[in-house]
Amino acid sequence: MKSRHLFLPLFIFLTAATHSHADTVTIDFDDNPSCKPEWVKEGIRLTNSRGTICVSTNHDNGTNCSNDLYGLKVVHTEGAVFTPKQVDLAEYSSSLAEPIQFVGKKANGETVIFDVTLDKVWDGSGGADDFQTFTFPASFTDIVSMETPSRYWRMDNLIIDTISPPPLPNNLKLGSFYESYEFIRSQQYNYTRYLVIGPDYHYKTGTTGSTGVVFLNEQSNILSSFKAGSPYYDPTTNTAVYKPLNYQGYSIPQIDQRNPNISQTLITLEEVQTAGYSVTSIGAPILYGDRLVFQGFNTSGGDSYSIFELLNGSLTLLLGPDTLLPDGNGDSDKPYYWPDHRAIGNDALAFDTSLENSRTVWRVFVKWGSNDFQSVCTEGDPTKHGVITEISNLAFDSSNRLLVDISYGTGKSTLVYDANGLVEEIERTVTTNPVNSAISVRGYKHITDSDHTYLFQDGVQYREFNGQYYKILGVGDFFDGDTIYQLNFLGATDTPPIRVFMDVAYKSDPYLRKHYAITLSDPIDFPPRFGEPVYHKNGKLYLPISYLTLGRSYELQTSQDMTTWNSVNPVQEILPLQHLIIDQPLAPKAFYRVIEQPTDQEAP
């Protein structure tokens, strides 16, 4: 019977091991009275469900406290165990005085609970004492996390005993799998939504603010940068089409096309009106080669829209306010609301809209060649995986097939159509145990045109490789000289070298966004690693360990001669970084190793 991923044994001399001591940390909210996404003090991190913890002074104990505690979670920044000792608690207000429950989790998976009932005395500043002091029970010794589901309450002076964690070398942290990275550019958060176009890539970034286009050369130097409304990138011509904006940010009534060297106006509002069409504005351009498709809007009364095609100088109305579209039930109806999503392919066009008699239901229409528009799917339609609740994106692939991204219940999938109808439904919801991440992840796959698969969830970017998911980069990683505070996936290239594009904010300046191109290499399934052993004052030996994979089974073994190995205990819970606790008597010297147990398929 074979075991995989055998450690190099860790040789421990009893007299040489590092001794730890208990450090007492008091979270009193006095050191920085402001709102922060997390409170970190001497290795203890507090977060909540809202993502921001604020300070309150409306109480009567003379210091700051916090009432922003719904979904409170307390952990050690290095994954070490800790022991909460004491806490001051108060009611949220005179009318909100619910019981408080603390749930502690130990490294072996054991859960401990501490229920607190308050005296319901709360009169704010200047009255009776609002806070009561509570001592945690002895069962809350050596826990790895503490949470509370209670919503309305106040806290101050949380006192915690911690184990001084051993310093862990960088290569003991959960590694990121990439070959190299290149800084591209930076911008302030929520300042401008840019379409960034490089020599062989493009991506969009930003969430609010004005819009613009940036062209970069191979050295990521700016070739041109300008304001632009509704910019759209056409890979067939390596150009952007957009509505130009003046220096005040107001749109100019025309549609332009531009690359780093050439800029031209494709059509103006006046030309559309001269052709006999009653529109008051134009916009939302999309381009495929020589074929421009854009929308015309009439905001004088009816708020109607039209869809036009400009090809070889000829303007054609594809869809107008009175155009009848098939409703999927054998009847036809007029379009009501302008599209949320549009896609253009090789002599193909798709968009979504609602109809006059079903204004709240969105439908997808597609047109191949000279055929009429046909309805392919509608919110409420059943699919293989569930009923469509939302249509989230439209695109054409390299085979000119229409890809419709949908949501159903708690999942997502992609419906694939050609001119003959539905070809297949691709499930994009995945639950997986990424290698060496020690967690289970449920998210939605992003599949590129060349079938590269990525997964972005909870601030961490993963890639699929040979049927396994591997972490590329994530929040909390030390990257380019700083710790990542926030990370977003911008896109990826399909041709070698494979690169992903990331929008990264750091803890040192969370409002400055930096863009990177990260070149990927084949990931490695690292074996588990020991850190420096530490003796606690309670007489137990703590072995920090990382690089475990959720879903696999591991066993800690010991030997005095490296020949005969005895089991200490199985690793009960797989965590990104944890301490294996040895509480049995130790020999003057000992060797330790962790082995991975074979799966049923690997066993002889």
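What is the relative accessible area of R359, and which class does that give?

Modeller: Bear in mind that this is a predicted model. R359 has a relative accessible area of 40%, so R359 counts as partly exposed. Its partner is E356: the two side chains meet in a salt bridge, at 2.3 Å from N to O. E356 is partly exposed as well, with a relative accessible area of 29%. Side chains of opposite charge can pair when their charged atoms come close.

Now the wider setting. Over the whole structure, the search gives 13 salt bridges. Take D503 and R513 next. Their closest N and O atoms are 2.8 Å apart. D503 belongs to strand β43 (residues 499–506) and R513 to strand β44 (residues 509–519), so this pair ties together parts 10 residues apart in sequence. D503 is buried, at 5% relative accessibility. R513 is buried too, with a relative accessible area of 2%.

E38 and R45 make another pair. Here the closest N and O atoms are 3.2 Å apart. The two ends fall on opposite sides of the 20% cut-off for burial. E38 has a relative accessible area of 19%, so E38 is buried. R45 comes to 22%, so R45 counts as partly exposed.

Next, the sheets. Strands of a sheet pair through backbone hydrogen bonds, either parallel or antiparallel. Six bridges join β21 and β22 in the antiparallel sense. At one of these positions, L287 has L292 in β22 as its bridge partner.

Rolling a probe the size of a water molecule over the atoms shows where empty space is left. The count is one cavity of 30 Å³ or more. About 50 Å³ of space lies in the largest cavity. Its lining consists of A284, I286, V293, F294, Q295, I307, R342, L349, A350 and F351. β21 (281–288), β22 (291–298) and β29 (348–355) are the elements that each give two or more residues to this lining. By class, the lining holds eight nonpolar residues, one polar and one charged.

Another open sheet has four strands, this time in the order β32-β33-β34-β35, again with antiparallel pairing. β32 (390–396) and β35 (421–427) stand at the edges with a single partner strand each, so one side of each is left without a neighbour in the sheet. The twist in this sheet averages 25° from one strand to the next. β32 pairs with strand β33 (residues 402–408) over six bridges, in the antiparallel sense. L394 stands opposite V404 in β33.

Back to your pair. E356 and R359 are both partly exposed. D503 and R513, by contrast, are both buried.

Methods. Residues are numbered from 1 along each chain as its sequence is written. This is a predicted model: local features need pLDDT of at least 70, side-chain atom pairs count only at pLDDT 80 or more; totals for chains, interfaces and linings use all residues. Side-chain values use heavy atoms; hydrogens and water are left out. Two strands pair if DSSP finds at least two bridges between them. Axes are lines fitted to C-alpha atoms, for helices over the stretch in contact, and angles run from 0 to 180 degrees between N-to-C directions. On a 1 Å grid over the protein atoms alone, a cavity is a set of points where a 1.4 Å probe fits but cannot get out, and a pocket is an open set with protein on both sides within 12 Å along at least five of seven lines; lining residues have an atom within 4 Å of a point. Grid points are joined across faces, edges and corners, and a volume is the space filled by probe spheres set on the points. Ala, Val, Leu, Ile, Met, Phe, Trp, Tyr, Cys and Pro count as nonpolar, Asp, Glu, Lys and Arg as charged, and the others, Gly among them, as polar. A salt bridge is a side-chain nitrogen of Lys or Arg within 4 Å of a carboxyl oxygen of Asp or Glu. Buried means under 20% relative accessible area, exposed over 50%, partly exposed in between (1.4 Å probe, protein chains only).
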